Amino acid sequence: MSDASSSRYSYFPGCSLTSSAGEYDASFRLVAKELGIGLDEIPDWNCCGASPAPHHWGGNLGVLLPARNLHIAGYGHEAMVAPCAGCYNRHKNAQHELSGSEEIREQATRVLREPVRYEIEILNLVELFDREVTPEALAKRAQGRLAGLNFATYYGCLLTRPAKIMNFDNARNPVSMKPLLMATGANADHFPFKSECCGSYMGLAHKEIVLRASRRIIDVADGLGFDAIVTACPLCHQNLDLRQGQINKAFGTNIEMPILYFSQVLGLALGLNADDLGIDSHIVSARKLLAKIEQGAAERTARAADASGRGGASQAVCAAGEA
């Protein structure tokens, strides 16, 4: 870990970050640049297959699609980062299948027309930032900029499960976001629904399931007084943010809970512009949260000016006494 990293990674943006979650891509790239992390987008990458591919071609299409990305990424770097939790999950699953089956490796080799390379290290966005910046280094840069805020950390299903394949954090009680969030000056109190399912892809076929599942997560966060829910998954973000109006209408509630990406929060802590981080692109406004940040900054400036004034007055008194 370092204060100013010079590491470089292969970057897999996937379909969500190049379409509906463009603000996730923008904020990730900005924060990575600010921290000195180099990103090289995988050339000619393809869709990871998401949820449909594993159900086709005997299940192997869900392996072969990510296998091609791993193969190309392996040319450039020893590690790749996939900020989308779904893409991260699919590539880790593919790597697991490739490592355990000579038959699938041979099939991938036939498709690629050369021996498949699949052993590149795969990181999600939280892992990457945890590796590249220490809480102490971030705290030094943030200067308590997000003090007074309390974030609910929400991991969902795909970052940590199945645990033996993801091998990331604790599947039942993940805590990886907390150290860096605390380093921003904010609080990240325990959120009991941090690993509950938001309904995932069921929004297409059974919207009512997503509305019920996501409502529980938002309702609990609101009841516990959190200022925002922080996630690292575009699908979770979509269900919690985009559908929040549908949830309020369906259940007669009036919740207004901002849903922010982990990279957006780190960007705010580093003093990056909220518009550049895409925070105004969300359905649920974060204006109250941003107002708290501005108010905190004004109060810190006033305290510093007051302390400076008292220091100047004391020096004047001492100087008068010596004269």
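Rings of Phe, Tyr and Trp (for Trp, the six-membered ring) pair if their centres lie within 6.5 Å; planes under 30 degrees apart count as stacked, over 60 as edge-to-face and the rest as tilted. This is a predicted model, in which local features need pLDDT of at least 70 and side-chain atom pairs count only at pLDDT 80 or more, while totals for chains, interfaces and linings use all residues. Residues are numbered from 1 along each chain as its sequence is written, and side-chain values use heavy atoms, with hydrogens and water left out.

**View 1. An aromatic cluster.** Welcome to the cluster formed by Tyr-11, Phe-28, Phe-129 and Phe-262. Searching the whole structure gives seven aromatic pairs. One of them joins Phe-28 and Phe-129, edge-to-face because the ring centres are 5.8 Å apart and the planes meet at 65°. Phe-28 lies in helix 2 and Phe-129 in helix 6 (residues 125-132), 101 residues apart. Helices (H or I, at least four residues) and strands (E, at least two) are DSSP runs, numbered from the N terminus.

**View 2. Helix 2 from end to end.** Buried residues here include Glu-23, Tyr-24 and Asp-25; buried means under 20% relative accessible area, exposed over 50%, partly exposed in between (1.4 Å probe, protein chains only). Phe-28 counts as buried because its relative accessibility is 0%. Just after the helix, Gly-36 has a positive phi of about 80°.
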